[in-house]
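I opened my notebook to get to know a structure that was new to me. Here is what I looked up, entry by entry.

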Amino acid sequence: MASSTNPHGKRVALVIGSGAVKCAAALGLWRALSRASIGVDLLIGCSGGSLFATTMALGYPPEDAIDKTRRLWNRRVTEKRHWPSLLRAILPQVFRFDERFGMIDDRAMWRSLQSAFGEQTFADARLPLRVVATDFHTGEQVVLSEGRLADALRASVSIPYIWPAWRVADRLLIDGSLSNPMPVDVAIREGADIILAMGFESPYPRQVKSISRFAFHLNSIMTNNLFRANFAFHNLAHHAELIPIVPDFSRPISLFDTDQFPYVIAEGERAAEAQLPYLRRLLGAAQ
């Protein structure tokens, strides 16, 4: 187990849950922690949150993280339908339907991930990093901590019905939010003393006017209910200090509203600042 980067000896973990564009609020939290000279010993990301956890772990400044995420997460990655999968769904006996079904062609997203992270692996991260996905066959949570970052991220954002599942080693993986949209359980198992949990309810499409938006909407319903249930359980059962940092967005933030990044980051920073006095007390009390 890695030693703490903080002089007090307490291990601090930052968990960034799923939430698409809302996950950029973690960059505001990161800025607030940096100004307060509070180190993070472990980064854990799930689904959209995995993109920001990874850029932080690699040491990218917020501006670079924003640029990479804009390239990775935009409407272009959902524009092209995956017609072979759709034909398999309509005529499964003719075209041999299988578990790698996805309505959207994932090649644009994969090219973006490769462009952003290349051949970098978990070993290239400056801070310990965990990326959460879900085993398609068993439904089990899968915590990735080695191998290529692009593969781990591609698996963690494999939204059901939208993009095909992704194989990592011998497991077929889908979106991490299907097992836990805000995986504080991973931080607990890793022995974190203080857990900063930034979670979000997944946004709903403004209008359900296509089959892909229908799928996004259903996925948001499922993951939002799971988010509430899992966080309530861990808040009661945890053995470490669990500090929720939940930005208060006064305007709707939809799936691909990357133009809202400055506002989202500012709200994340505001939410973090509100918790800093309590966090400092916890760290000051450490022996």
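**Entry 1: a loop residue**

I began with Gln260, which sits in the loop between S8 and H10. Helices here are DSSP runs of H or I with at least four residues, strands are runs of E with at least two, and both are numbered from the N terminus. I kept in mind that this is a predicted model, where local features need pLDDT of at least 70, side-chain atom pairs count only at pLDDT 80 or more, and totals for chains, interfaces and linings use all residues. Residues are numbered from 1 along each chain as its sequence is written, and side-chain values use heavy atoms, with hydrogens and water left out.

Is Gln260 buried or exposed? Gln260 has a relative accessible area of 16%, so I noted it as buried (buried means under 20% relative accessible area, exposed over 50%, partly exposed in between, with a 1.4 Å probe and protein chains only). Setting aside neighbours within four places in sequence, I found Gln260 in contact with Arg251 and Ile253 (contact means heavy atoms within 4.5 Å).

**Entry 2: the whole protein**

Next I stepped back. I counted 10 helices and eight strands in the protein. Of its 287 residues, 58% count as buried. I also looked at contacts between residues at least 6 apart in sequence: 76% of them join residues at least 24 apart.

**Entry 3: aromatic pairs**

How many aromatic pairs does the structure hold? I found three (rings of Phe, Tyr and Trp, the last by its six-membered ring, pair if their centres lie within 6.5 Å; planes under 30 degrees apart count as stacked, over 60 as edge-to-face and the rest as tilted). One of them joins Trp110 and Trp166, with ring centres 4.6 Å apart and planes at 40 degrees, so I wrote it down as tilted. Trp110 belongs to helix H6 and Trp166 to strand S5 (residues 166–168), so this pair ties together parts that are 56 residues apart in sequence. Both Trp110 and Trp166 are buried.

Phe249 and Tyr263 form another tilted pair, at 6.1 Å centre to centre and 50 degrees between the planes. Phe249 is in the loop between strand S8 (241–244) and helix H10 (261–284), while Tyr263 is in helix H10, so the pair ties together parts that are 14 residues apart in sequence. Phe249 counts as buried at 17% relative accessibility, and Tyr263 is buried at 13%.

Two packed helices are described by the angle between their axes and the distance between the axes. Axes are lines fitted to C-alpha atoms, for helices over the stretch in contact, and angles run from 0 to 180 degrees between N-to-C directions.

I looked at H3 (residues 62–72) and H6 (residues 107–117) and found an angle of about 160 degrees, with axes 9 Å apart. That makes H3 roughly antiparallel to H6 (under 35 degrees is roughly parallel, over 145 roughly antiparallel, 65 to 115 roughly perpendicular and the rest oblique). Lys68, Arg71 and Leu72 in H3 meet residues of H6, including Ser112 and Phe117.

H6 also packs with H7, at about 140 degrees with axes 9 Å apart. Here Met109, Trp110, Leu113 and Phe117 in H6 meet Ala150, Asp151, Leu153 and Arg154 in H7.

**Entry 4: H7**

How many residues of helix H7 (residues 149–156) are buried? Eight of the eight are, so H7 is largely enclosed by the rest of the structure. Among them are Leu149 and Ser156.
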